[in-house]
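I opened this model to look up two things.

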Amino acid sequence: MPQAPRVQLLLTGNELMSGDTVDSNSATIARRLAVLGLAVVRKTTLGDDPEALVAELTAMAGAAEVIIVNGGLGPTVDDLTAAVVADVAGLPLAEHPQALAHLERWCAGRGLPLDGANRKQALLPAGCAILPNERGSAVGFAVDLSVDHGSCRVYCTPGVPGELTTMLEPVCEDLTARWPGLEAVDILRLQTFGLGESTAQQLIADDGADDGAEKGAASWPAAVSLGFRAGAPQLEIKLAVTDPAAGAARDACLARLEALFGDHIIGRGDATLAGVLLDLLRERGLTVTTAESCTGGAIAAALTRIPGSSAGFEAGYVTYSNAIKTRTLGVREASLAAHGAVSEAVVREMALGALDRSGADLAVSVSGVAGPDGGTPAKPVGTVWLAWGDRERLDTVCLHWPVERTLFQTMVTALALDLLRRRLLGLPPLPHYARQRRAG
């Protein structure tokens, strides 16, 4: 079987080098290529320096059969990819009719003139193949570079993440046509919440260890590759196989993980806490409202980011100050005076007020000390109270999550969504990760 091509990535842009833009595109590319059985062996990030880009692309072409260039296809003077690739390929730049027709349609659809800056995006290496862009103005393109060991295929893609995602499909189609012997990888992804990477690995390693050396991690079948992708707030666990005959082995591994991780598993594929919760609400014909202080509307934003969220999301209230808590949600001044804003009494009243005013079936409310200032010995930074449920039963919990402010908000948002998920599924209301982080 022919050897899989070596793949390298070249990411371009001063904004990547300065830190103004955080690179997420290389992960998107690598994850998509992994399904084809291709691994990225090297990636390089460079600023908008034409000499450096030419030198790097030339060196890459001598060491790889596939190069994906990301960025530098826009209308401005610092978008250099087309000129750099043309230079390395020894091709002139020419106005590509297919690229020009795309630009004309794109501008006409937005009532914009096709000016010189936009028209620059149709100047591409002569004879290149076009990669259609369904979302943006700049098409991508592909071209072959002649090198000592044969040729290197170069795919040039835009830096806008949403445009890149759709453009990777024609890239993958071209790759599979050129290398038909690629071993496709079938990856099953489990999304979990409340598990750390080390905890998950240890649970697998300890599974059945008392039954002998053949249990635990040592008994994991060689045909099933186990992988983890840690993130906040979810941990992704991957089961990958390349042999279609390994399906039964993977099913057994999946059953093993489901038994080990139980209700920490929220779904498969790209499942998110917010998406799973909205699905549950829709199935049950219920709606939810949010009352937020320390998260600043992040819970409502996570829900409304998903298309169709109006079927399950009724209203969100961001009541940051004490006065607004009282005026908007009816929190009693006496409760604030006696217990403070970060208290069980206040989050209960926030939730009940949101239920009364919105008419929703369920509510979740949060109030905490996100930091870095504002903590006290009794309520240190990272303290948060949550209430969730309906008019008949509201559950509450106080947790301590002493992490950086943005991560605190991310994790509290996820926790609020997960507690509602657990409520709708009839799971124990207080998972172990909450018990471990009780305040006080």
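I take helices (H or I, at least four residues) and strands (E, at least two) as DSSP runs, numbered from the N terminus. The model is predicted: local features need pLDDT of at least 70, side-chain atom pairs count only at pLDDT 80 or more, and totals for chains, interfaces and linings use all residues. Residues are numbered from 1 along each chain as its sequence is written, and side-chain values use heavy atoms, without hydrogens and water.

**Entry: cavity.** I searched a 1 Å grid over the protein atoms alone for cavities, sets of points where a 1.4 Å probe fits but cannot get out. I found one cavity of 30 Å³ or more. The largest cavity holds about 50 Å³, a volume being the space filled by probe spheres set on the points, which are joined across faces, edges and corners.

I then listed its lining, the residues with an atom within 4 Å of a point. Leu10, Thr12, Leu53, Leu57, Val69, Thr81, Val84 and Val85 line the largest cavity. Helix 4 (81-89) gives the largest share of that lining, three residues. Strand 1 (7-12) and helix 3 (50-61) each supply at least two. By class I get six nonpolar, two polar and no charged residues. Nonpolar means Ala, Val, Leu, Ile, Met, Phe, Trp, Tyr, Cys and Pro; charged means Asp, Glu, Lys and Arg; the others, Gly among them, are polar.

**Entry: helix pair.** I looked up where helix 8 meets helix 9. Ala200, Leu203 and Ile204 in helix 8 meet Arg256, Leu257, Leu260 and Phe261 in helix 9, with contact meaning heavy atoms within 4.5 Å. I count six nonpolar, no polar and one charged residues in this contact.

Key:
1 Å grid on protein atoms, 1.4 Å probe; cavity = no way out; pocket = protein on both sides within 12 Å on 5 of 7 lines; lining within 4 Å.
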